[in-house]
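Here are some notes for your read-through. Please keep the structure open beside them.

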Amino acid sequence: MERQEIIEGLVEILKTIRTIDQEKLKSVTEETDFIADLGTPSTELINIAAKAEQKFDVEFDDDDIDDLGSKVKDIVDLIIRTKEKG
Amino acid sequence: MEIKGRKVAVVGMGGVFPTCANLEEFSEKLFSNKSLIREWDKALEQDKKIRSKVSGFVTEKEMNIEPVYSTLLENYPEVFIDLLNRIPDSNLSTADIGSIWAMLASLDAVKMAGWSNNETQSEGTGVVVGSGGAGHEILRHAWHNFFELDKKSRSVGSHTVDRAMVYRDAANVSCLIKNRGVCESIGSACATGLGNIGYAYRLIKFGLQDRVVAGGVEGTSLETFVGFDAMQVLSRGFSPEESSRPFDKDRNGFVCSFGAGIVCLEEYEMAKARGANILAVIDNYHNNSDGDGDMFYPSFNGQQRLWKGLLGETGTKPDVVKAHGTSTPAGDAIELLSIVDCLGSKDYHISAPKSQFGHMLGAAGAVEFITAILMLQKQKVLPCLNANHLNLEQENFQKTDKWQGPTSPLADFRDILPQQSFEKEINYITCLNYGFGGTNSAILISKDNS
């Protein structure tokens, strides 16, 4: 799965989080920070992770979720890494 | 302790009421002797699993609220959308349906109070709002998915706690209006609504707060309904509008209803100084416990002590008693006899608003407090709808040696139980509410005569 394809999938998830300013989702890149740039409440990050597990058919380790950064590239990396682990 | 001379005014009110778009429609329907009780499709769907099929319910659609269901869990309302944009999405994300009603009612009440943002957001402003039930709809689906369907804890999302915690209604209102004073919930079962208002009254009377947003909420919940249905205490066998019939001899249970009532209280002199429209003055609040060791059965002695605590030696006699009047066999009889024991059987009237909209549980005391304010404003008494036939014979408990109260049958008090709304000079109203656990609450309000 290409990284850009994953980012587009993440944006679809972010569209369902109503506390995120939807205007800001038009320019999401790998460097976009969920908290600093999108103003995502920190309580929503686990919801994004759980929805990403469903959308990309992966299951994250609890340790990986604990260590997850708040940038888009961090979760893209985790999705790819988890998929590679099988 | 009370600070002498410090008085408490009611300056705002708002609510969520069955079949009504707003407070004006609620008032119009009540004083037109209408019933707000309907057959409930959610109960009908359960067919023989549920005995009672009627309720004063409020749907999400009627409140212009739309649920968004989770893609991760079955039947879990992940968040609600306010189609009229009255509440910001950040506040909606932490709210169950009852908390949303509390917020909507609070916005209306604060608007009516006319408080500035500085006043609302000061340390002198508190929020005291409670609910009778838990966040059942949130919890049921979340726990079913975790325990029965083997989903991970994170799949239920991060808002199960804030949307279902005991003081969720107060917390959500506080986060919405951004007050800096106290934020708490009082829980006392079906006396919750009045208990929160009474506690708020004391916060102001004792000098701890200058303003409080107070009240009770009961979000529509089939789970709540099922719990009471299982106890065999809900009304059945009548048409919807005839199902709630406090004091009538054929009453066989209460109508389980839902709604919200929020009022704004303010220290009287501050309200007066800013030219506020004072809807009523709270003269006293008293609450106690039966002391009988009985979770459910009402106590004549407990209610006698309640009246004594409320009126003391003031010599005040209310023009109207807004009764708890649930339409349960024992509750109504004990209540009527305790009122008569204290006030006699003349020169006042009893109003039972549950006859028109059922029993809103944790919201009941607050919504019925609002009906008392409306009675003061309109100078009209609300009826005991469907109290058509009163028992000509003594209640069984009146025939026992233990009974210490009036021995007259309920039919002797026909004159103080109006079946229709009517005009009358009203200066004082007492509101009564009781709850499981033997808890009793009473408040005395009056017209502002200054």
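**Notes on the model**

1. Start at B:Leu265. Leaving aside neighbours within four places in sequence, B:Leu265 is in contact with B:Val8, B:Ala9, B:Val10, B:Ala200, B:Tyr201, B:Ile204, B:Arg211, B:Val212 and B:Ala214. Two residues are in contact if their C-beta atoms, placed from the backbone, lie within 7 Å.

2. Basis. This is a predicted model, in which local features need pLDDT of at least 70 and side-chain atom pairs count only at pLDDT 80 or more, while totals for chains, interfaces and linings use all residues. Residues are numbered from 1 along each chain as its sequence is written, with chains lettered from A and ligands numbered from 1 in the order in which they are written.

3. Cores. The largest nonpolar core has 126 residues, and B:Val213, B:Val263 and B:Leu265 touch the most other members. Helix α4 (residues 97-113) of chain B gives the most to this core, 10 residues. A second, separate core of 12 residues includes A:Leu14, A:Phe60, A:Val76 and A:Ile79. A nonpolar core is a set of buried Ala, Val, Leu, Ile, Met, Phe, Trp, Tyr and Cys residues joined through C-beta atoms within 7 Å. Buried means 20 or more other C-beta atoms within 10 Å of the residue's own, with C-beta atoms placed from the backbone. Helices (H or I, at least four residues) and strands (E, at least two) are DSSP runs, numbered from the N terminus.

4. Strand β15 (residues 428-435) of chain B. Why is it largely enclosed by the rest of the structure? Because 7 of its 8 residues are buried. Strand β11 (residues 320-322) of chain B runs parallel to β15(B), joined by 3 bridges. On the antiparallel side, β15(B) pairs with strand β16 (residues 439-446) of chain B over 8 bridges. Strands pair if DSSP finds at least two bridges between them. B:Thr430 in β15(B) stands opposite B:Val321, and its bridge partner in β16(B) is B:Leu444. The hairpin of β15(B) and β16(B) has 3 residues between the strands, and there B:Gly437 takes a positive phi near 95°.

5. Helix α14 (residues 364-378) of chain B. Of its 15 residues, 11 are buried, including B:Phe369, B:Ile370, B:Met375 and B:Leu376. Just after α14(B), B:Gln379 takes a positive phi of about 55°.

6. Chain contact. Chain A and chain B each put 10 residues into the contact.
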